[in-house]
Amino acid sequence: MAQAIAFYTIAAFILGFAVLVVTTKDTVHSVLFLVLDFLFVAALYVLLDAQFLAVIQVLVYAGGIVVLYLFVVMLVNLKRPPEAHQDPHRLTKLGFGLAGAVLIELGAILVTGYAKAAPAAIAAPQLPVSGNTEQVGWLLYTSYLIPFEIASMLLLVAMIGAIVLAKREL
């Protein structure tokens, strides 16, 4: 009974903060309500005995992504008119070349990954570790290493792009 009351209370807070995120006129307040919403989602994960997901929720979403949102909101001047000129120092051909190289690499990864696909009838191998967190870590750094590295590279590129866009002219 107590667990049901806690669930419905946390769910009400999640819905309330989600409505405040959408309806608040100030963007900084909206992002702060989003932080509270993510923290209550983490509390819901703890209530459901998924402590690893709760920690990841706090670290990744409430800690990382919302900080990026706050940087974007605070660095972008919304009252400034759009720029009317193009940067003469922009390296368009180099950018297209690098994008093409990344697409070729992704295609090669997909082709070699599907070529080495195991038959579906084989049972899942027994992992040498026990516990939920250890199994996630083992699979992340063995079977899913390439997608993990691709995701980290995409986040790095997005961070560099945000820094370049937010850089002020001196």
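Modeller: Start with burial. A residue counts as buried under 20% relative accessible area, as exposed over 50%, and as partly exposed in between. This is a predicted model.

Biologist: Is Phe 17 buried or exposed?

Modeller: Phe 17 has a relative accessible area of 13%, so Phe 17 is buried. Phe 33 has 22% and therefore counts as partly exposed.

Biologist: How is a pair of aromatic rings described?

Modeller: By the distance of the centres and the angle of the planes. Phe 17 and Phe 33 are a stacked pair, with 6.1 Å centre to centre and 25 degrees between the planes. Phe 17 is in helix H1 (residues 2-23) and Phe 33 in helix H2, so this pair ties together parts 16 residues apart in sequence.

Biologist: Which geometry do Phe 7 and Tyr 8 show?

Modeller: Edge-to-face: the centres are 5.4 Å apart and the planes make 75 degrees. Phe 7 is partly exposed at 32%. Tyr 8 is exposed at 59%. The count comes to 7 aromatic pairs.

Biologist: Now the helices. At what angle do H2 and H3 cross?

Modeller: The axes of H2 (residues 27-47) and H3 (residues 51-75) cross at roughly 175 degrees and come within 8 Å. Angles over 145 degrees count as roughly antiparallel, so H2 and H3 are roughly antiparallel to each other.

Biologist: Which residues make the contact?

Modeller: From H2, they include Val 31, Phe 38 and Tyr 45. From H3, they include Val 58, Tyr 61 and Met 74. The contact residues divide into 20 nonpolar, 3 polar and no charged.

Notes:
Residues numbered from 1 in each chain as written. Predicted model: local features only at pLDDT ≥ 70, side-chain atom pairs only at ≥ 80, totals over all residues. Heavy atoms only, no water. Axes fitted to C-alpha atoms, helices over the stretch in contact; angles between N-to-C directions. Helix = DSSP H or I, 4+ residues; strand = E, 2+ residues; numbered from the N terminus. Parallel < 35°, antiparallel > 145°, perpendicular 65-115°, else oblique. Contact = heavy atoms within 4.5 Å. Nonpolar A, V, L, I, M, F, W, Y, C, P; charged D, E, K, R; others polar. Phe/Tyr/Trp six-rings, centres within 6.5 Å; stacked < 30°, edge-to-face > 60°. Buried < 20%, exposed > 50% of the residue type's maximum accessible area, 1.4 Å probe, protein only.
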